[in-house]
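Hi everyone, thanks for making time for this. Have a look at it first, and then we'll go through it together.

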Amino acid sequence: MQPKDADSLADTFEEVEKLYYKLHYTNFTERQNERNAKIRHTERNRSTEDLLTSKKTCPEESIYQLGTLESHASPKELFQIATEFMDEFHERFGKHVHILDWALHLDEGTPHIHERHVFDCENKYGEIAPQQEKALEALGFELPKPDKPLGRYNNRKITFDAACRTMLFEIAKRYGLELDEVPEYGGRAYLEKQDYIMAKQKEQLAQQEKAVQEQTAQLENLKQENEKAHHQQVRRTTYQSLTLLSNDKKIQKQEKQLSELSQKIEDTENLLDEISAVAYDKAVAIVSENAVSDALKASTEQVDIYLDWLKEPGRTASKETLDYTTYQITTLRKNIIAAVNRITARLTTVLIKPEIKKPAIEQIKENTRPSVLQKLHQRQEEINQREQTYTKPKKCSHGMEL
């Protein structure tokens with residue numbers, strides 16, 4: 001299995017360690033749990049995963065780094081030295097110290113290796129169990145101070161670590177690297193070395209904190225600038241919105257006025273249409289009446305003269321002849337009147353035809369419009385003048401003068 005990133009690599013290492021503990025320490029945990037059951041202390045029961053997470057039995061992690069942040073071995077050199085070191089480590093200590101996994105890290109300032117291993121040996125029941133001190137004792141390591149009791153600063157792990165450092169330095173020297181050897185645990189020089197390391201770390205932290213503060217200040221400045229720009233944009237947008245709203249109200253007012261004006265114009269046009277149509281109809285009626293009157297007058301006037309002449313005394317014709325002639329002239333007079341009336345009716349019919357009436361009405365309307373508009377304007381001016389000259393009556397004061 002080839003993990004693609006650091007997270008999947010860590011997951012892989014965890015699975016490897018779980019599997020190793022299960023394969024090598026299952027027998028121990030099962031037998032120990034059986035012994036716990038016999039003495040009625042099953043609360044002490046543990047699984048291989050419990051061993052993997054316990055501080056006393058979990059794998060130990062070592063970090064291998066050659067040099068400092070300013071001067072250090074290359075990743076290739078570190079890899080070669082570490083590979084040779086772990087081969088020799090396995091050959092010398094592999095019976096009781098087992099390397100489970102390791103990885104070269106290049107994501108920090110100095111290349112370094114993380115390596116995890118576990119210590120184990122047989123217990124008094126012949127079972128392989130993870131136990132550090134017993135394993136190192138089985139490998140022949142002595143206490144740094146044999147005459148002193150076992151303790152935090154006097155245990156075989158200190159001796160084991162010193163042997164591992166010596167082995168690592170010897171391999172590094174074979175690759176041409178000269179390293180400052182770290183003093184033994186508990187010595188004054190070691191504590192001074194630790195103080196130096198802590199001072200360097202504090203210095204780096206201070207630099208990082210300063211950089212963080214500078215970045216924070218820059219971010220705060222950017223935030224303030226963005227907020228200022230945002231407020232300005234909000235003000236501009238608000239002003240534009242108010243301007244648009246004001247313009248919209250003005251446009252609505254103008255549209256209303258235009259609509260009212262259009263309605264007035266339309267009403268005026270309708271009025272002109274009605275006036276023109278009525279005027280034309282009146283004109284046709286008057287023309288027809290006048291035409292009838294004039295035609296009848298002109299046509300019957302001479303006939304009436306002949307009738308009057310026939311009725312005068314002294315006519316020598318016989319009575320039958322006079323009566324016949326009078327009858328014929330009277331009939332002629334009636335026919336003339338009927339003919340004139342028919343002609344007048346035909347004239348009225350012709351004048352009210354659309355093709356004749358419509359152009360005539362339009363002409364009347366065009367001739368009438370100026371006078372109508374003039375009258376409307378004159379009427380409006382009279383109204384405005386009355387409104388301007390109108391004043392409220394003054395209140396009477398009923399003061400008493402002594």
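Predicted model: local features only at pLDDT ≥ 70, side-chain atom pairs only at ≥ 80, totals over all residues.

**Charge pairs and what surrounds them**

Let me start with a pair of side chains: Arg-116 and Glu-17 form a salt bridge, with N and O 2.5 Å apart.

Glu-17 has a relative accessible area of 5%, which means it is buried, the cut-off being under 20%.

Now a second pair. Arg-35 makes a salt bridge with Glu-127, and their closest N and O atoms are 3.0 Å apart. Here Arg-35 comes from helix 1 and Glu-127 from the loop between strand 3 and strand 4 (128–130), so this bridge ties together parts 92 residues apart in sequence. In this pair, both Arg-35 and Glu-127 are buried.

The third pair is further along the chain. Arg-333 bridges to Asp-304, with 2.6 Å between the closest N and O atoms. Because Arg-333 lies in helix 7 (residues 319–351) and Asp-304 in helix 6 (residues 188–311), the pair ties together parts that are 29 residues apart in sequence. Both ends come out as partly exposed: Arg-333 because its relative accessibility is 26%, and Asp-304 because its relative accessible area is 24%. There is also a network to mention: salt bridges with shared partners join Glu-17, Glu-61 and Arg-116.

How many salt bridges does the structure hold? The count is 12. As a reminder of the background, side chains of opposite charge can pair when their charged atoms come close.

**The overall layout**

Let me step back to the whole chain. Its secondary structure consists of eight helices and four strands. Reading from the N terminus, the order of elements is α-α-β-α-β-β-β-α-α-α-α-α. The chain has 402 residues, and buried ones make up 22% of them.

Which residues form the negative patch? They are Asp-11, Glu-15, Glu-49 and Asp-50. Helix 1 (6–38) and helix 2 (48–53) each contribute at least two residues to this patch. Asp-50 is one that sits in helix 2, and it counts as partly exposed because its relative accessibility is 35%.

**Cysteines**

A disulfide is a covalent bond between the sulfur atoms of two cysteines. Searching the whole structure turns up zero of them. For the record, Cys-121 has a relative accessible area of 5%, so it is buried. Cys-164 is buried as well, because its relative accessible area is 10%.

**Two loop residues**

I'll finish with two loops. In the loop between helix 1 and helix 2 we find Arg-40. For context, most residues other than glycine have a negative phi. Arg-40 has a relative accessibility of 75%, so it counts as exposed.

The other loop is the one between helix 4 (132–138) and helix 5 (156–174), where Leu-139 lies. Leu-139 is partly exposed, because its relative accessible area is 23%. Its C-alpha is separated by 8.2 Å from that of Lys-95, a residue 44 positions away along the chain.

To recap the bridges, Arg-116 pairs with Glu-17, Arg-35 with Glu-127, and Arg-333 with Asp-304.

Key: Residues numbered from 1 in each chain as written. Heavy atoms only, no water. Patch = residues over 30% accessible without salt bridge, like charges linked within 9 Å, V, L, I, M, F, W, Y side chains within 5 Å. Areas by Shrake-Rupley, 256 points an atom, 1.4 Å probe, with all protein chains shown as cover. Salt bridge = Lys/Arg side-chain N within 4 Å of Asp/Glu carboxyl O. Lys, Arg positive; Asp, Glu negative; His and termini not counted. Charge placed at Lys NZ, Arg CZ, Asp CG, Glu CD. Buried < 20%, exposed > 50% of the residue type's maximum accessible area, 1.4 Å probe, protein only. Disulfide = S-S within 2.5 Å.
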